[in-house]
Each structure stands twice: as C-alpha cells, then as structure tokens.
Amino acid sequence: MSAPLETVTGTIPGEKPVTYFGPDFPFPYDDWLRHPAGLGTVPTERHGTEVAIVGAGMAGITAAFELMKLGLKPVVYEFGRFGGRLRSQPFEGAEGVIAELGGMRFPVSSTAFYHYVHNVGLETRPFPNPLGEDTPSTVIDLEGNALYVERAEDLPAFYKEVAAAWAEALEDCAQFSAMQKAIRSRDVGAVKQIWNRLVPLWDDRSFYDFIATSPAFAHRSFRHLEAFGQVGFGTGGWDTDFPNSMLEILRVVFTGCDENQRLVVGGAEQVPRRLWRLQPERLVHWPQGTSLEKLHSGSTRPGVASITRTDGDRFAIVDRWGDRRDYAAVLVTCQSWLLTTHMHADESLFSHKLWMALDRTRYMQSSKTFVMVDRPFWKERDPVTGRYPMSMTLTDRLSRGTYLFDNGPDKPATICLSYSWMSDALKMLPLSVDKRVSLILGALRKIYPTLDIERHIIGDPITVSWESDPNFLGAFKGALPGHYRYNHRMYCHFMQADLPPAERGIFMAGDDVGWTPGWVEGAVTTALNAVWGMVHHLGGGTSTGNPGPGDRFTELAPLKLSD
C-alpha cells in the first residue's frame with residue numbers, strides 16, 4: 001500500500017526530494033546530463049566510427065542517442081520488439097488504449113529517466129497504486145475478508161500497526177532517516193558511511209530474515225508479518241521478494257523507487273521510440289536533422305547471432321541472417337542469460353569471474369493480464385452503498401494485484417486484471433489467455449459477488465509471461481543473498497583501464513547490470529556509464545567542468561568485498 005511508506009518517506013514541504021543517488025555509487029547522473037558542456041568528446045578522427053549496440057530497449061537506445069550526439073555512429077541490433085521491457089501493447093481498434101506489459105510505474109526519484117521523458121515531450125500522471133492520489137478506492141482482500149477504504153487514514157488499526165512495524169524496522173536496522181537525509185542533501189560521505197556498513201551486514205541475508213528478526217516485527221504476531229507480505233508497502237504485496245537479498249530492498253526504499261510513481265500517458269514504450277526519432281539540436285559531426293532512425297534508414301539491424309573479437313581491437317558481429325560487420329566497440333544490453341543461450345559470445349570476451357556473475361544472475365518470473373472495458377465504471381458510486389463498485393485490489397487470491405486505468409473521456413478504459421510474480425506467475429504460465437481471464441475473473445467474483453465485470457469487457461484480452469519469451473527468459477533480476485559480489489563485477493565492468501587488452505572495448509548496460517533491477521533508472525544510468533566507457537576507449541574524454549561517472553569512480557566506487 002502507499003500509506004505505510006508515506007509515513008516513512010513523505011517529503012516535508014521545502015525539503016529537497018529523494019532521488020536515485022546511490023547508495024552503491026552516488027553519482028549525480030541528472031546533473032551530468034543537464035550540464036551545458038555535454039557528456040564528453042571523441043577525437044575528430046573517430047567521428048563517424050561505427051559502434052554496435054545489442055538491444056533496442058531503454059538502455060540501448062539511451063546509449064545510442066548519446067553516442068550519436070558525440071559524433072559516433074551507433075548501429076543498433078534487435079532480435080525481438082523495439083523497446084525491450086518498455087512494451088506498450090495496443091488494444092486492437094482503440095487508438096491510444098494500451099496494456100503496459102513491462103515497466104508501467106516510474107518513481108519521480110528516477111531523474112535520469114525523466115530527463116529523457118521530458119526531452120521527448122511526454123506527459124505523465126500519477127499511477128493508480130493502492131491508496132494513491134489517483135485511486136478512488138482500494139480493497140484489501142485477505143483470508144476471505146474484504147476491506148474497502150478510500151483514504152489511508154481509514155485503515156483499521158491492524159494495518160497501521162503493520163505500517164508502523166515496517167517503519168520501525170527500517171529505522172532500527174538500517175538507519176533509514178539518516179540515509180534519506182544524506183540522499184536528499186547529496187552528502188556522498190554520509191551515504192557511503194551508512195551503506196558501506198550495511199553491505200557486509202545484509203549481503204548474505206534475505207528480505208524475510210530482515211523482517212522476521214527485526215525487533216519491530218518480532219514482538220508482533222505472525223499475522224502482522226504475513227499481512228506485510230501480502231499487502232506490502234508502496235505498490236502492493238512483497239512476499240514474492242522475501243527470498244531476495246535485503247540489500248536490494250533497501251536500495252528501493254532508500255531511493256524512493258516504490259513511492260510517488262507515475263505512468264507515461266499513451267505508454268512507456270514511447271520513450272525509446274521517440275528518442276529513436278528525435279533530432280537533437282546539439283550534434284557533433286552529423287548534419288542537423290540527424291536521428292537514430294535516419295542513421296539506420298528506418299529500422300534496426302536484425303538480432304545478433306554471434307559476437308567475437310577479430311585480430312586487433314575490433315569486434316565482429318554476425319546477425320541472424322549471416323551478415324557480418326566489424327566494430328570498434330560493442331555495448332550489450334540484453335538480459336545476461338542470452339549471451340549463453342541466444343547467441344554465441346566468445347568466452348574470451350569476459351573474464352571467467354565475470355562469466356560467473358552473468359550466469360548466476362537470477363531472473364524473476366512475472367505475469368500480467370489486461371482487458372479493455374467500455375468505460376471506467378468503477379468511478380460510478382453505487383447509489384445504495386455509496387461505495388465505488390470496484391477498486392484497486394490487493395488479494396491473496398490468484399489475481400494478487402488488480403489495477404484500474406481511466407484513459408480519459410470518450411475512450412475505453414483498461415483493467416490490469418492480474419499482476420503477479422514468481423510462483424503466482426508460474427501458475428499462469430501454461431494457460432491460454434482465455435483461461436487466464438476466466439480464472440482471474442472467477443477470483444475477483446468472490447471479492448465482488450454482485451459486480452458483472454464481463455459485461456463491460458470489449459475487444460480481446462492481452463497477456464504476457466516474461467519467462468516464456470526467448471528474448472528475455474524472465475522479467476527482471478532478483479538478486480539472492482550473497483550476490484553482491486556478482487553485481488559488483490557487472491556494474492564496475494565499464495571501468496576497463498585495468499582489464500587485459502583482450503577484454504576491453506565490450507561494455508554492458510541494463511537494469512540487471514545496475515543495482516536496482518526492475519527499475520528503468522538502472523537501465524538509463526548503466527547506459528550512461530557505458531557511454532563514458534566507450535568514449536574513453538576510443539580516445540575521448542569529458543570536460544573538467546562536467547566529470548563523468550568514470551572520472552569520479554575512485555571517489556565513489558561501490559564497496560568491494562573480499563572473494
């Protein structure tokens with residue numbers, strides 16, 4: 001729910017906002033992007049040099065856009081659909097009505113991502129999270145008992161106790177207020193001091209361990225802990241994350257990722273698509289009017305079949321149809337498992353320790369099912385009860401999370417009937433879309449016995465199971481206890497001066513390379529790290545007035561644990 005987290009992280013009027021500043025690597029990407037000096041320069045003789053970008057998701061298109069502005073020629077390869085996991089699937093016959101199958105809610109703390117959202121002129125509005133400002137009502141249905149609330153203050157004492165326990169646990173066990181104060185003020189020393197103490201304490205311990213052993217929950221009942229798992233904080237139930245490393249959860253709450261979230265009107269996929277078509281005003285080498293779309297004659301290259309190093313310091317990429325092209329550098333943005341399952345990536349490209357990290361990455365399953373309905377009927381109060389007939393719903397039933405989207409006047413509305421992860425998502429995996437809809441509607445009927453949702457449905461339903469897509473094999477990374485060292489190897493790989501020459505020139509980016517998997521800000525910031533790395537690999541550099549992430553790496557580097 002939104003309410004519990006707001007009691008912990010709500011912004012005081014006049015106070016600086018929480019942003020995605022660390023805690024592992026507290027570099028101000030938003031300031032770097034805004035600086036008039038730009039992100040750097042490459043030598044004139046390198047202008048027009050082709051560099052390969054594997055993947056046309058947010059990370060790949062961000063990097064390609066910035067490299068183009070610096071005078072390089074990025075060549076983007078994509079095996080599946082443009083946009084990666086920013087996938088806004090249109091409903092047939094309804095202009096502008098979409099199902100957000102991938103990323104759909106974007107915290108305002110993601111300032112690097114919003115830099116691009118604003119640059120391409122997109123509108124956002126509050127996401128209809130439980131008890132959110134754009135949510136008329138919320139229903140919490142646990143153990144067959146449905147609770148209807150319209151305001152956070154209407155929550156019963158039990159749920160307020162759960163919220164208080166979470167706030168106390170964060171404060172007592174993780175110095176929450178001190179960390180958020182440091183992030184708000186961008187106090188690098190304080191951020192590093194707090195985080196570097198927490199990393200060895202919580203690297204090998206799970207989210208469940210944190211909750212179950214915290215004094216705040218230990219003196220309360222199991223029912224409190226169970227309800228926290230089912231209802232959670234911010235956006236809904238988090239028990240599917242209980243096995244994950246607690247460090248991953250702390251990053252999310254410290255940086256405000258799970259609060260103050262917004263949706264992109266018309267679909268998040270528009271962000272990379274508009275960047276693809278955008279003609280930047282400031283360009284080096286290329287004539288005015290140049291865009292990524294024009295450099296590619298309208299389309300990306302086909303999917304990659306193999307990546308190998310040629311004689312010298314160049315790379316050969318062969319696409320799925322056998323065409324080979326050589327490049328001065330390569331950026332890989334696909335899910336890491338695809339390097340061993342979907343293409344041939346020569347083993348010598350990375351160290352064995354890095355391959356270990358890439359292969360040990362653990363991806364979480366995720367399923368969503370959407371229907372289009374004739375209108376936002378849930379906004380029409382029942383004249384008898386005075387309540388809204390359907391609400392944003394959190395439940396322990398099959399549907400888990402149900403979200404309601406009003407697309408504006410004179411447009412059909414959208415219902416995400418079910419958003420589930422891990423074992424709940426696997427229950428849906430073998431089922432057809434019609435079977436999924438039937439089962440989910442059956443679960444919702446037990447919560448809303450007098451509501452006929454079916455009569456409002458129009459068009460065909462849309463569903464996704466990310467783990468069944470061969471181009472992804474999962475929705476996003478969920479780091480397990482003990483995975484900090486693996487993430488450290490992946491994240492720090494863009495710093496290549498100390499690597500053997502045979503391992504330089506190929507870079508990685510994506511939310512699974514970042515510290516907060518599943519959040520688009522990680523995709524954007526690791527793409528910017530790769531831009532810095534490529535520029536320096538090709539003999540370029542950054543302005544002394546606008547140092548990049550690599551220039552400040554020694555000062556800000558993530559804590560390194562011993563092997």
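Contact here means heavy atoms within 4.5 Å. Helices (H or I, at least four residues) and strands (E, at least two) are DSSP runs, numbered from the N terminus. The structure is a predicted model, in which local features need pLDDT of at least 70, side-chain atom pairs count only at pLDDT 80 or more, and totals for chains, interfaces and linings use all residues. Residues are numbered from 1 along each chain as its sequence is written, and side-chain values use heavy atoms, with hydrogens and water left out.

**Exercise 1.** Determine which residues of H7 and H11 meet, and characterise the contact by class.

*Solution.* Begin with the axes, which are lines fitted to C-alpha atoms, for helices over the stretch in contact; angles run from 0 to 180 degrees between N-to-C directions. The axes of H7 (residues 188-202) and H11 (residues 246-254) come within 9 Å and cross at roughly 150°. Next, list the residues: Trp-195, Leu-198, Val-199 and Trp-202 of H7 meet Met-246, Leu-247, Leu-250, Arg-251 and Phe-254 of H11. Finally, classify them: the contact has 8 nonpolar, no polar and 1 charged residues. In this scheme Ala, Val, Leu, Ile, Met, Phe, Trp, Tyr, Cys and Pro count as nonpolar, Asp, Glu, Lys and Arg as charged, and the others, Gly among them, as polar.

**Exercise 2.** State the strand order of the open sheet of 7 strands, and explain why one side of S8 and of S20 lacks a neighbour.

*Solution.* Two strands pair if DSSP finds at least two bridges between them. The order is S8-S7-S17-S18-S19-S16-S20, with mixed pairing. S8 (145-149) and S20 (457-465) are the edge strands and have a single partner strand each, so one side of each has no neighbour in the sheet. Neighbouring strands are turned by 15° against each other on average, direction ignored. Within the sheet, S18 (residues 401-405) and S19 (residues 413-421) run antiparallel and are joined by 4 bridges; Leu-404 has Ile-415 in S19 as its bridge partner. Helix H17 (residues 433-447) lies across strands of this sheet, including S20, to which H17 runs at about 105°.
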